[in-house]
Amino acid sequence: MDWGTVTTEDLIEALREVEWSSPPRPLSEFFSRFTFPRSYSKWNSRLKCNLYYYRTNYFIMIVVILALGFLRRPLASVAALLPMLSIAFLNDSFAGTFSEKVTRTVRQFSPHLAAKMRPALTPVIRGRPSTKRAIFICGRPRWVFVFVFSIVSFFLWFVSCGFLTVLWAFGIGLLATLVHASFRSPNLKARLNTFREEFRSVWRNYSEL
């Protein structure tokens, strides 16, 4: 795959639909080989490839940096984690997996409540869904959780007076991600993993027809 031809919109769409349940890459691989990009096109291609391949590592790294910045402010830590969870809910795979695990846990205590947490079935016409498949979390549209978590996060930021700390910690996390993605040389394993993800995406779209 030529990452130089991939637009920012394509990368965001791929990160939204790709599986995030896979474990992070080993640290020995994450900090393996760094080189300076030879040109802007090489840097652009490398940045997109690493953001896609090491997505779980970058997410964990930003969360750890935010946690370290809020060791003395528990409320600010919660306020920082809620937006991260809201962003994770925008990924279809994460939202579906989270909803399924919560529903299974609730079913152990209240099967009746767990049944209500199941989303309504989408009507099918001639073998295809009548509308675009919407993502539900615990029986509610995904945007409800994203909106509620965002509001609660802003309230906790205001109460804990940790807004500037959030900006500093989040900025450092993004800067660390940008630096690593810019200088980490893409390896053959990353390219093969990209091809495998492309095949899964095409096969999933084909099976839905």
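What follows goes from the fold to the cores.

A: This is a predicted model, with local features needing pLDDT of at least 70, side-chain atom pairs counting only at pLDDT 80 or more, and totals for chains, interfaces and linings using all residues. Residues are numbered from 1 along each chain as its sequence is written, and side-chain values use heavy atoms, leaving out hydrogens and water.

Q: How many helices and strands does the protein chain have?
A: Helices (H or I, at least four residues) and strands (E, at least two) are DSSP runs, numbered from the N terminus. Here there are 10 helices and four strands, in the order α-α-α-α-α-α-α-β-β-β-β-α-α-α.

Q: Where does UniProt place the feature "transmembrane region"?
A: UniProt positions use the numbering given here, feature names are shortened, and annotations may be inferred rather than shown by experiment. The unreviewed entry lists residues 52-71, 77-98, 143-160 and 166-183. Residues 52-71 are 85% helix, with end C-alpha atoms 30 Å apart; for residues 77-98 the values are 91% helix and 21 Å.

Q: Which residues touch the most other members of the largest nonpolar core?
A: A nonpolar core is a set of buried (under 20% relative accessible area, 1.4 Å probe, protein chains only) Ala, Val, Leu, Ile, Met, Phe, Trp, Tyr and Cys residues joined through side-chain atoms within 4.5 Å. In this 21-residue core they are L66, F70, F89, I137, C138, F145 and F149. The largest share, six residues, comes from α5. A second, separate core of seven residues includes F30, L47, Y54 and A181.

Note on methods. Buried means under 20% relative accessible area, exposed over 50%, partly exposed in between (1.4 Å probe, protein chains only).
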